[in-house]
Amino acid sequence: MTPLDDNTAFFIDAIERPTGGRIVPFEPWHIPALVQREHEAASFAALGGIEHTAALCDAAEYAYTVMGDGTPVACIGCSVLWRGVGAAWAFLSTGAPRYWKTIHGGVTTFLRGALCDGEFHRIQTSVRIDHPAGHRWALRLGFAPERVMRGYCSDGADAVCYVRFPNDRR
């Protein structure tokens with residue numbers, strides 16, 4: 001077990017927030033159980049449907065789910081693109097805002113551990129150009145905008161690539 005695995009196990013097994021949110025290991029049934037927002041519905045379609053998205057998330061090296069009152073409210077993870085480079089992703093339900101402290105805390109803990117323990121030297125994520133809340137969250141998580149990716153989204157919309165490195169202060 002690597003130091004990152006130890007950190008991941010800690011927050012999967014131990015974090016319980018006053019809202020009742022709880023972090024558990026990701027399971028494929030969590031994706032279809034999310035009450036989809038417009039962003040998620042479009043993403044699932046672009047990724048080949050809900051079942052294919054669930055399989056992709058299940059194949060991710062690092063994935064967990066935030067449960068709220070027994071129901072998945074967020075599925076979050078990081079897929080290894082190649083050694084040292086990860087692609088962070090998140091699918092949130094309409095009920096996610098109620099569990100925001102658990103969601104944000106889990107992601108922050110993961111990023112800190114993944115970057116500090118040497119597992120990754122770069123983690124990146126993308127946010128649609130027209131999704132201001134996504135941009136605010138990426139910045140709050142310590143990501144920095146790297147570039148605009150023209151035509152990146154399945155509908156041809158642009159996205160911003162955000163990156164985080166081990167020496168970033170957050």
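Helices (H or I, at least four residues) and strands (E, at least two) are DSSP runs, numbered from the N terminus. This is a predicted model, in which local features need pLDDT of at least 70 and side-chain atom pairs count only at pLDDT 80 or more, while totals for chains, interfaces and linings use all residues. Residues are numbered from 1 along each chain as its sequence is written, and side-chain values use heavy atoms, with hydrogens and water left out.

**The chain as a whole**

- The protein chain has six helices and seven strands.
- From the N terminus on, these elements follow the order α-β-α-α-α-β-β-β-α-β-α-β-β.
- Of the 170 residues in the protein chain, 45% are buried; buried means under 20% relative accessible area, exposed means over 50%, and partly exposed lies in between (1.4 Å probe, protein chains only).
- The accessible surface of the protein chain is about 8800 Å², and carbon and sulfur atoms account for 55% of this surface; accessible areas come from the Shrake-Rupley method with a 1.4 Å probe, and for residues only the protein chains shown count as cover.
- Contact means heavy atoms within 4.5 Å. Among contacts in the protein chain between residues at least 6 apart in sequence, 61% join residues at least 24 apart.

**The largest pocket**

- A pocket is found on a 1 Å grid over the protein atoms alone: it is an open set of points where a 1.4 Å probe fits, with protein on both sides within 12 Å along at least five of seven lines, and its lining residues have an atom within 4 Å of a point.
- The largest pocket has a volume of about 1500 Å³, where a volume is the space filled by probe spheres set on the points, and grid points are joined across faces, edges and corners.
- The lining of the largest pocket consists of 48 residues, of which S43, W89, A90, T125 and S126 lie nearest its centre.
- Elements that each supply at least two residues of this lining include α3 (38-46), β4 (85-92), α5 (100-116) and β5 (122-128).
- By class, the lining has 30 nonpolar, twelve polar and six charged residues; Ala, Val, Leu, Ile, Met, Phe, Trp, Tyr, Cys and Pro count as nonpolar, Asp, Glu, Lys and Arg as charged, and the others, Gly among them, as polar.

**Residue E40**

- E40 belongs to helix α3, and E40 is buried, with a relative accessible area of 4%.
- Leaving aside neighbours within four places in sequence, E40 is in contact with A90, F91 and L92.
- A polar atom of the E40 side chain lies 3.0 Å from the backbone nitrogen of L92.

**Residue S126**

- S126 is in strand β5 and counts as partly exposed, because its relative accessibility is 33%.
- The C-alpha atoms of S126 and C161 are separated by 4.5 Å, although these residues are 35 residues apart along the chain.
- Beyond its neighbours within four places in sequence, S126 is in contact with M149, Y152, A159 and V160.

- D69 is found in the loop between β2 (62-68) and β3, and D69 is exposed, with a relative accessible area of 55%.
- Phi of D69 is near 55°, a positive value in a residue other than glycine.

Key: Polar contact = N/O pair within 3.5 Å; in protein donor to acceptor, adjacent residues only side chain to side chain.
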